[in-house]
Amino acid sequence: MNADATPVWEALAGICDPEIPALPITDLGIVRDVDVASDAQGRVEVTVTITPTYSGCPAMDVIEQAIGDTLGRSYDRVRVVTRLTPAWTTDWISERGLELLHGSGIAPPREPVEVPEAVAGASFRPLGTFGAGAGPAAALPGPACPHCGAADAEQLSAFGSTACKSLWRCRSCREPFDHFKPHRAPGARE
Amino acid sequence: MSLRAASAAASHGSRAVAVLALADTMLLHAQRISEWVGRAPMLEEEMASANIALDILGQASRLYEHAAAISEESTSPDELAYGRDVDAVRAAWLAVDADRDFAELMIRLLLLGTWYATLWDLVDAEASAQAPPVDAGTGTSDPAAAPDAGALDPTARRRGPSLAGIASKARPEVAYHLRHAGMWVERLAGGTDESRARSEAALARLWPMALELVDAARSGQADAGAGLVDAAMLADQWQQRVLAALDTAGLVPPLAPAGTPEMDAAARRATLAEVLAELQHVAREHPGATW
């Protein structure tokens, strides 16, 4: 980061993911690079490199638009570049981002996604260990409840209101909550 | 044209065909999965179908961007997805065929999802072997750090995302889909007599369609992945993974594929035309529309 980029980063920190309004895109870890350059006429061009969370995440278009609108007020030219690799992982969510998620009632990602070993040749969890939800939610060690803190949650649904979340219920306080799914390449370690 | 140039052109041609065929397969598969939204057996599966379809659609969309970028003709991702006729679309039949019940949705997702996962893994392994991974940071030497169609500035030179980049994004997504499909297949196959019978029937009907794709890969056909990866390896690894997953669920695929496909070429074409009519309807009704 060079000195010129600091105000850009500060401006970007004011933009939140529209689907997780508590979380600035800089804490989500999708802003990968900021470059500020000026041409001979002194016109300043900002290039912001972002990486999408999920391939089909509809929020990305809105985020790009917001970056263009926000920075366009202060700079002559704004370019938003999408970079796919290295792929985004929930490991890039900042510590502050994890706290913001927790504070807004979303359990932050806390453990690696278990790759379906059966597909690689080993075995799935035996029947009978599914959660009490309607679907075949596995009895994975659940996230702690963001409401009461109890570590006794059951998965209601492996898929939630957005691509990045699954739905859980605390067995202790009975409140349902979203869990930000841990997301990283198969085989990658935490 | 020199021999080398001719061979490069042929290899570029088969690569372009392979990319487009994979994009078509995923687009049609996403469309079929999304048909479950509104009629899934439970609310959780409505959400699952919508999310899985969206991921696969997103991956297809990146592939169309890549295809448009490497195309020798001037075209756009939307034109490729929504402007091609039934005879130009090269989707695998397994992705075009409609689910008859929930067991088919899940077994099809297991069969096709394993196909995607295997293919992405091979692309990823090849890319990693060629270049060490870039620091997760601000590296500018990243070959995939190319502006794609998402760049806001219309004067920016547009390039497409790299195949390795698409693969690295898709891998964790498809792994999650496969976990879901695998658990459902296991549960349905080990459930009631009814769910067991439906699982067996679904596998019996879909297995020959999967073998069509795998056999096409083994015979080196571009639209079954040859041109992107080592297609024989893709076929072998797919089979190993799928057989292991089915074995875990206590399912055995039919020994020999059915002699004659249940639909002839004309019937298949009619089915594809029907899905495309719905899929491409808005784009054709309002050409060039943006919102």
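How many bridges join β6(A) to strand β9 of chain A, and do these strands run parallel or antiparallel? Select β6(A) together with residues 176-180 of chain A, which make up β9(A): two bridges join the pair, and the strands run parallel. Bear in mind while you look that this is a predicted model.

Now widen the selection to the whole sheet. Four strands of chain A form an open sheet, in the order β6-β9-β8-β7, with mixed pairing. At the edges sit β6 (106-107) and β7 (153-157) of chain A, each pairing on one side only.

While you're in this part of chain A, go to the loop between β8 (165-170) and β9, where you'll find Arg174(A). Check the phi of Arg174(A): the value is near 70 degrees, positive in a residue other than glycine. Most residues other than glycine have a negative phi.

Next, jump to the loop between β5 (77-82) and α4 (95-103) of chain A and pick out Pro86(A). The peptide bond leading from Thr85(A) to Pro86(A) is cis, with omega near 0 degrees.

One more stop in chain A: color by pLDDT. The chain has a mean of 82, and 81% of its residues reach 70 or more. Where pLDDT is low, the predicted coordinates should not be read in detail.

Over to chain B. Select α2 (residues 43-70) and α6 (residues 163-189) of chain B, which pack at about 160 degrees with their axes 10 Å apart. That angle makes α2(B) roughly antiparallel to α6(B), and their crossing is left-handed. Show side chains where they meet: α2(B) brings residues including Ile52(B), Asp55(B), Arg62(B) and Leu63(B), while α6(B) brings, among others, Ile166(B), Glu173(B) and His177(B). By class, this contact has six nonpolar, four polar and three charged residues.

From α6(B), Val185(B), Leu188(B) and Ala189(B) meet Ser195(B), Arg196(B), Arg198(B) and Ser199(B) of α7(B). That contact divides into three nonpolar, two polar and two charged residues.

Methods:
Residues are numbered from 1 along each chain as its sequence is written. Chains are lettered from A and ligands numbered from 1 in the order in which they are written. This is a predicted model: local features need pLDDT of at least 70, side-chain atom pairs count only at pLDDT 80 or more; totals for chains, interfaces and linings use all residues. pLDDT is the predictor's confidence in each residue, from 0 to 100. Axes are lines fitted to C-alpha atoms, for helices over the stretch in contact, and angles run from 0 to 180 degrees between N-to-C directions. Angles under 35 degrees count as roughly parallel, over 145 as roughly antiparallel, 65 to 115 as roughly perpendicular and the rest as oblique. A crossing is left-handed if the near helix is turned anticlockwise from the far one by less than a right angle, and right-handed if clockwise. Two residues are in contact if their C-beta atoms, placed from the backbone, lie within 7 Å. Ala, Val, Leu, Ile, Met, Phe, Trp, Tyr, Cys and Pro count as nonpolar, Asp, Glu, Lys and Arg as charged, and the others, Gly among them, as polar. Two strands pair if DSSP finds at least two bridges between them.
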